[in-house]
Structures are given as C-alpha cells and as structure tokens.
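Keep the selection tool ready.

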Amino acid sequence: MDPPAAKRRCTGLAPAPVLREGAARGVQKCRLESLLDLSAKRVAESWAYEQVEERFSRIPEPVQKRIIFWSFPRNEREICMYSSLSCQGPEADRDGGVPFQRGLKLLETSGSVERVLQVGFHLSGNVTEAANQGEPERVYRVSISFDRCKITSVTCSCGNRDIFYCAHVVALSLYRIRWASQVELRLPISETLSQMNRDQLQKFVQYLISEHHTEVLPTAQRLADDILQLGSEINRLNGAPDPTAGAGIEDDNCWHLDEEQVLQQVKQLLSNGGYYGASKQLQCMFNKVREMLRMRDSNGARMLTLMTEQFMDDPRLALWRHQATGMTDKCRQLWDELGALWVCVVLNLHAKPEERAGWLELLKKWDQMEVCPLEEGNYISEPQSSAEPRNPPVARQTVFKRAIRSWDLHWRDPHLQRILRGEVVVTGQGGVHKRDHGEKLLTFDPQGRPVWLGEQLPTACARVDALRSHGYPKEALRLAVAVVHTLRLQRRHQLEAYKQQKKEMLQKGTTLISNPEGWVSHPLDPIGCLVRAFLEACRVDEEGPSFYSDASCELKKPVYIHTPVPSATPNSGESYFTMALEVALLGLGQQRAMPEGYYAQDKVVRSEETLISVLADIPLDERLLQVMRRQTQLLLEGGPYSGLGEVVHRESVPMHTFARFLFTSLLPHDPELAYKVALRAMRLPVVESQIHHHDPLTSNPLDPVPANRFPRWFVLGHLETRQCELASTMLTAAKGDPKWLHTVLNSIQQNIHIPALLYKLAQDACKAATPPSGPPDMTLLNVALELGLQVMRITLVTLSWGRREMVRWLVNCATDVGMGAIINMMQGWYNLFTPIEATSVVAVSATSHATALRLGLDYTQREELGACARTMALQCAVKDPQLCALPALTLCEKNHGAFEAAYQIVLDSAATGMGHSHLFTIARYMEHRGLPLRAYKLASLALAHLNISYNQDAHPAVNDVLWACSLSHSLGKNELAAIVPLVIKSVRCAPVLSDILRRWTLPSPGLSGIPGRRNSGKMMGTDKAPLCQMLEASIGAYINTTHSRLTHISPRHYGEFIEFLGKARETFLMAPDGHLQFGQFIENLKQTYKGKKKLMLLVRERFG
C-alpha cells in the first residue's frame, strides 16, 4: 500500500526562500504569488486553526499545508527582538555575543542545523555547536511551537534559563525563515493518525514506546489504564490533544515570554542596583518593552507589568521611606522611565476596553501603596526656605499618577482624527472651526495649518510618544507638526500680550513664571519627544537594519537630511530637521521655575545638558542657522515667557549652558547676536540682593556678595560653575576685540561673586592672553589682572586658604602687564592685600632680580620700583608692626633713611605693646647686621615685656633671654649692670637665673668693631655689683621655689626634688658664706616640713 499523501515531501509547493525584509520585497516584485498563497497568508496571520476547522467541514490538504506553512513567523526582526536586548555593551562578547548573533553564526556554519521537521504547528531540529577551546562538539535538540506567525513556546536541551531565546532556537528559527523549502512539512499528527487503521495505530504506538521506553513507558501505561477504565475522565472527553494542531480559538495569541525568568532577572538586577551594569541592563529591558510596543506586540505591556511588580517589591523602597531619604539617582531614573512607559501603554490607540480597565486597576493598586515613589523624588518634601511665597502644596503625586490620568484620554475627537489622517483643510473663517455640537474651537492657525489646542503641551506630546511607541510613525509626525504650529500660535499671542505690558514690567523689574512646570526635565519629556520624532523622520540609515550587525552601544554619529514637511508652504524651506531645532531651542529657552528637592533640580540640569548634547552633534547649514537666529531673537524678545527675556523671575532656571551653546554656534556667523544672548544669560538672580532689569551691555555696577543665598538650590554650585564656563568662553572668544572684552568684564564683575570662580576666570584669561608662541594680548591680559584684583578685594576680609597662591599669581600677571601695573598695585595695596602679604610676597617679588630681568628695567626704573616697595613696606610696618617690621627692615637695608624709619617704627611699637618674641627676633636681626647696641636696646625692651614664672624653665623665651644676657655681657660692665634689674624683674625661674649667673662669671668674649670697647678678659666676682644682686635673686628664687614645690609634692616626685636641692646648693656655694646659708636653709626645711618624714629622711641622707 502506498504511504499516505501526508508523508510526501512538499518541496515543490513552497515558495522561494524568505530572506530579510528587503530581499523578500525584491523577490515579490519579480514573482507573483498565487491566490492560494495570498489567502493562506492572511488566514495564517489572523485565524486560529481551530476556527478554520470549525468554519469549513472539509479542508483540502494543499490548503492545509499552505496555511500551516505561512503560520510560522516571517520577519527576522521579531526573532531578534526575542533573542537580544536593545543595547548590548562590549562585555557581551565575552560569551560570544548576544543569542541572536550566536544563532546567526551557527546558521552560517555548514551542517550546524539538521534534521529539521515541521509537523503541523510544531518545528523541531538538531543544532550542533562545534568543539571549541577544549569543549567537545555538542548537539542540542530544539522544539518550537507557533501559531498565527508567533512563536508560542520553545524548548531546547541546552537548558537555557533566560528571558530571551537561546542561540539554538534562533538558528532553527532563521533556518525555517530563510530556507523554508528545505524543511520537511507534515500535517498535524492527528491528521496522519486519522488515516491509520487499528493495526497501524497499534504498531505505531508499540514502535514509539520501544524507541523511547525509558522515557514514555510509565506514561503510556498510565494512559492505557485510564482508557481501559470506562468511567475515567479521559473517556468522558471527546477527541485527544494534539500539540501539533495549533492553538484554539480561546487561546491567547502572543509570543512566548518566560514570565518567571523576567521576574527573577529583574529582582536580581534590582538587588544589584548600586552597580552601573545593573542599571544599564534594566534600562535595556525598558528599551525592549518599547521595541515590543513598536512592533505592536502584546508582550510589551505584559513584560512591563512583570517588571513593575518586581520594582514595587523592591525592599529598598520601604527602607528609603522609613529613613525619609531619597533613592539613588540611577534608581530614580529607572522609575521615571517606568512611569513614562505606562503612559505610552495606557494611550494605546487600539487597546481593548478590558485591557485598559486591567491596566487602570493595576496602576491604582500600585499608586495607593505607601512605598510607591513620588514623582519629585523624595518621600518627604523639602522644607520651604524661601522668603517669597511658593506654590501651595500639591497632592501626593506618584510616578503612576500621570498614567492614571491618561486613562481618561481618548482618540475619538474628529479634529484629532483629521490631524492623524493628514487631512489639511484651509478654513476661510480666520482659523475657527465649529464642532458638531456647536462649540467653537480654534483648530487651524491663520495660515490654515492644523493646531491642537485641546490639551497642554506635555499631554499632546505624550500622544506623540504613544503613537511612535506603538508603531505609528507617520501619525506621530502629523500630530507633532500640529503641536509645533500650536506652539508658534501661542508664542505669537504671548509676544503681543507682552508688548502691552512691557513698560510696566520693566519698571517693576520683576515678573511671574507663567509655566512653573518646565517642559525640559518634565516627567513626560515633551520637548525630547518632539525632537526625537522629527530627527527620526529625517535620519539617514546608511546601512541595513541594525539587528544584523554586532550589537553595540557605540553607535556611529547619525546623519540627517532636510525632509520637507508636507503641510509647509512651498517656499518656506521648512523641514522636520528645522522643526527639531526650533522645538529644542523653544524648550531650552522657556522660563521655568527651579523645582524643590535635590533630584528634581539635578534632573533639570541633566535634561538640559542631554538635549544640548543632541543639538551639538547637528552640523549647522544655512537653513538651520536661519532658524537658530530667528529663535534666538524671539527668545531675547520673549519677555516673561523666555529665560532670556529682559526680566526673569528670581527663581527661574538659569540659561548659562544653553547660552554657551548658542554663543559658540552663532559666533562665526553673527557675533553681535552671539554676544548679546550670552551677556543676557550671565545673570544669576537667585544670588543677587535684588533683581536688576538693566542689560549688562549698558550696566556696570559691582553687585555685593549676597549674605543669604536662598532658596535651597542644591545644584547652585554646579550652576555657578556653568556660569563661569560661559564667561570663560566669551573671554577667550573676545581676544583681540577691546570693545567686547570690556563688556564681558563688566558682566563678569556684575554677576559672578565667587572668588574661586573669578580666580579661575582670571587664570583662563591670562593663559589665553599669553600664548607660548606669539606676542601677548595686552587688553586680555589687563582683563585678567582686573579680575585678579577683584578676587583680592573680595577675599581681603574673609581670608581663604588659597590667597597666598593667588597673590603670587597676581604679581606674576602684573609683571606680564608691565611696571606700571606693579606700581599701581603696590600704591593701592591696602585695598588688596594684608600687610604681611604685601611685605613678604608682593614687595619681595616686585624687587627681585628675576622681575627686573623680565621687565628689562634700567637702574632708574629699578630704583623707582624699589622706592615704591619700601614705601609700601613702611606703611605695612605701621599698620602691623609685629608681622611686618622685620620684612620692612630687610627691604630697607640698602636705603639708610628708610632703614632708620623702619627702626623707629619698631621702637614706637615696642612702647605700645609689641610682643617680646618679635622684639627678640628683630634684636637678633640687628646683631646679625652688625648693630649690637641697637640689638641690646631692643633686647632690653623685650625683657621689659617678659615674665617667666618659677616653674617655667622650659619657657620658649629662655633662649632669647640667655642670648640677651650674653650680648650685654659682651658689651661691657655698664650694659650688664643695666640689664640685671630687668632680668631679675622678668625672670622668676631659679634654674634660668642660676644659668645666667654662671655665664656672667665666665670671661666675656667682647665685640670687635665698636669704638672704645675692649675685652679685659677678667672674671667678674659674685661678691660685687652687679653679680651680687643676681646671686641674691637666684638664691631667693630657689628658696621660694622650694617652698612652693613642697606645698603639693607627692612621693613620686621626691627624687626630682632632691636633684633640685642639689642644683640649689651649687648656687648657694657661689656666695662667700653659701655653705652656712644652705645649711640653715636645710635645717629650716626639716623643722617646717617634719611631717613629711620620708622626704626629710632623703634630705638628711643627701645633705646631712
């Protein structure tokens, strides 16, 4: 008997191999498909096979095969979507790349995919991996079930446990798509079994059990027992399951997604949330959700639901709430993306009502949970520190609140439908269009272009994002263009209103912010959404689909072309490219309030910089340059609606980064406009004591440093740095142009008050003014000097740790400018430097030999510079004699008159309270200079201010006292006699007095060079004046010190006391009757302190 027709190979019935999308389209152009294939394609996409069987009682076998053939997925992009993340880093190559790339490599290896068989809606085959790095060759068995062009389940013997398909499933799927004609095709196994008689069926079952008895024998026996039992459940049901017969009518038609693996992987990544790689992978999973939505795959919402459940189960949420702290920035960004994605899902155009109801229920459940993160980033709002009234507190706004509100939005509005269909109707009623119920609404602008005024911009842009996300790029573009026309119309009305209020507003010098919730950094990112939509429409894809290349995040710089806007007037030159730039400039230039909370403020900065980085990659041509000029001019004239208007609110977001981008872009083409916008943006009103509405082009007052810098701006330091960068950019660009340099300098002095930033600006200007090769720019150098002088003025009262370095730099800058700058700086030193800075740094540097060589000074100029430095030094010495007297004397050494004046200042200061340490230092300097008599006089003055008590034998001035006594001894008996009373009065410490006495008993070395002074070389006796007075004072000091120490002595100090008495005896013995005096002293101690028996015993043993 011939075998059943179902076992015949159907190679002749299959069409040409289905390659990539482009190749498939090329094949279709040169080959017409049969009506059977066209019908089978449509049925295979839309109908479950059970529905086909119920609709038709008998289906011819060729028709069945064509439906089954076309039921397998035909688009390789869908296989790629389920086998790779949207963005894989280079680290993926460690394991041979992402699964899709590995599957491609396996497919390209000859013989790696074999024994491919399609039985109904089930595909199976073997995939071989070649031996690699010591691992043997392995063969994996792969099974794939599919229905209505979707893979519904996969099984592979590799045991892959991941969200996405393994490389072996990819290889088998691509094999079936590319070489479908080589795949053996069979009808569902139930169809084959229906053609067998009883004997064939029994033989079939027995052979099947025989080949796989170890695996299926227990199951076969259980099923046989159930069938033989009349009342069993298996006998009560009609028919039998067939895994190859496709899905039922009631079964969900969606791609296979391992929910358990999604939950586990998200949970694991959240537990590693502190690492950069974990946040990056979670972001890639969000990108995968967007990719699924774009492919209109129901798994997009399903995967997002699973991810959200794990996000809500994150244990860190409860911890952050309990501690009342904000979450980390990386985690906060992920939550923002999660909320925005839910808005896209809820705004799905063709979602079923029951699906939307289910999403709303989930969103409300998550929204009501206490741990649900708030949109502003903190669980507890920051305290209001501003003196000005802020907006009243708003209700609790979680990250899901906007998605919940989006549930009320619909797509049934007739005008919205016309916009999406691209129907442009120019009305003759001034742009007013009547709705069906009679309500008048402006639906077209005066040029007849459609506008969408029914919603706020973020909501309208959320619709655009939803259209793009769900695979409606053309409709998204049409709505985006209508939104742009709406913005233009609104801005035109705003400018008209501002012109009527301009005079009053400028007189008040203040304004209100019309839109506190800015468009840039908005949770729905309306400006970014519009820019991405327009840029995507005019982007040129130089290569094929990106999923055929190695996955990498390092993408090439995009290339854009001017794609005309269909609704634009013929000669306007308007394109999606120009619209992208216009929208970005409009959003960045909007005046908006700085939000409260660290994260919200940081997001403002990051969002602005991200959008500007996108614009910076766009090369400006003439059309884009015209747009930039026009938009910049409108922003300058925008009044309270523009952050670059003449008057801005005190707490509006600064425009420094945006203005720097505009300045660098416009400077080569329109310098006047570039400087105007940069100078206008230099202001930072939040740190000013009052609002100035004058333009820096005409204003030049130097604002004071604000004492109270409120409200609480956590990013204020970052903003001030950006302000400094803008100023530095202008200074560098204005090199060689005195007019703009002085204008920029005035703006800097008016708006920047941080010394460190001013100092950096001065350094940048000096560096730019003095190139390594070429002459210096003296105007820019003078600007650097002026900025440095301002830093000195600001920090003179509140000294900083870096001032000494700043002073050195300033002197060096003044030297580059010239001798006149140094002289002017020294003549006005009291407004710039402290006295010690002026004498120890400025004067020394100005009079150094290196400075004279750099300036090329002659003798007269050196003398002039030296005289100015000496004058400054004397002034400093008068103001601060303790610190500046010695440096002044040093500077005035070569000028007798100045030196005498400095010496007189020292004498006058000694009488008014100069410390003994400074006087001793100056006295030693005088001795070093060969002026011993002046040194002696200063030492005598120092002794008059000194007091060393009985227990201060380690006093820091002891060495100075010994030096002064040696000096007086060397000068002669008269000087020694004069200093003895001073020493006795100032020093009460017995060891110090005895040390001085012994030194004086030695022969004096004498001093050479003093007329009338000769050394006799004789020793002085202690029995004669003036040493007898010194001896009496020493003995008296020992007696007083002894009684003082015995008052509170402890046994552990007995040894030290005995040694002290030994030194005292040596001093007593210097007197003629010293032995008797010391004996009487000891006896007196024994009688007076006889209660200290142990101590007196030690005294008796040592001294008798």
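Predicted model: local features only at pLDDT ≥ 70, side-chain atom pairs only at ≥ 80, totals over all residues.

**Stop 1: helix α9.** Select residues 198-211, the 14 residues of helix α9. At 1.5 Å a residue they should span 20 Å, and the end C-alpha atoms are 20 Å apart, which agrees.

**Stop 2: α25 and α27.** Select residues 622-636 for helix α25 and 671-681 for helix α27. Their axes lie 11 Å apart, at an angle of about 40°. An angle between 35 and 65 degrees counts as oblique, so α25 and α27 are oblique to each other. The crossing is left-handed. Show side chains next: on α25, pick Arg-629, Thr-632, Gln-633 and Leu-636. They meet Leu-673, Lys-676, Val-677 and Arg-680 of α27. By class, this contact has 3 nonpolar, 2 polar and 3 charged residues.

**Stop 3: α26 and α28.** Select residues 656-666 for helix α26 and 716-733 for helix α28. How do their axes run? They come within 8 Å and cross at roughly 20°, which makes α26 roughly parallel to α28. Here too the crossing is left-handed. On α26, colour the contact residues, among them His-656, Ala-659, Arg-660 and Phe-663. On α28, their partners include Leu-719, Arg-722, Leu-726 and Met-730. The contact of α26 with α28 divides into 6 nonpolar, 5 polar and 3 charged residues.

Methods
Residues numbered from 1 in each chain as written. Heavy atoms only, no water. Helix = DSSP H or I, 4+ residues; strand = E, 2+ residues; numbered from the N terminus. Expected span 1.5 Å × (residues − 1). Axes fitted to C-alpha atoms, helices over the stretch in contact; angles between N-to-C directions. Parallel < 35°, antiparallel > 145°, perpendicular 65-115°, else oblique. Left-handed = near helix turned anticlockwise from the far one by under 90°. Contact = heavy atoms within 4.5 Å. Nonpolar A, V, L, I, M, F, W, Y, C, P; charged D, E, K, R; others polar.
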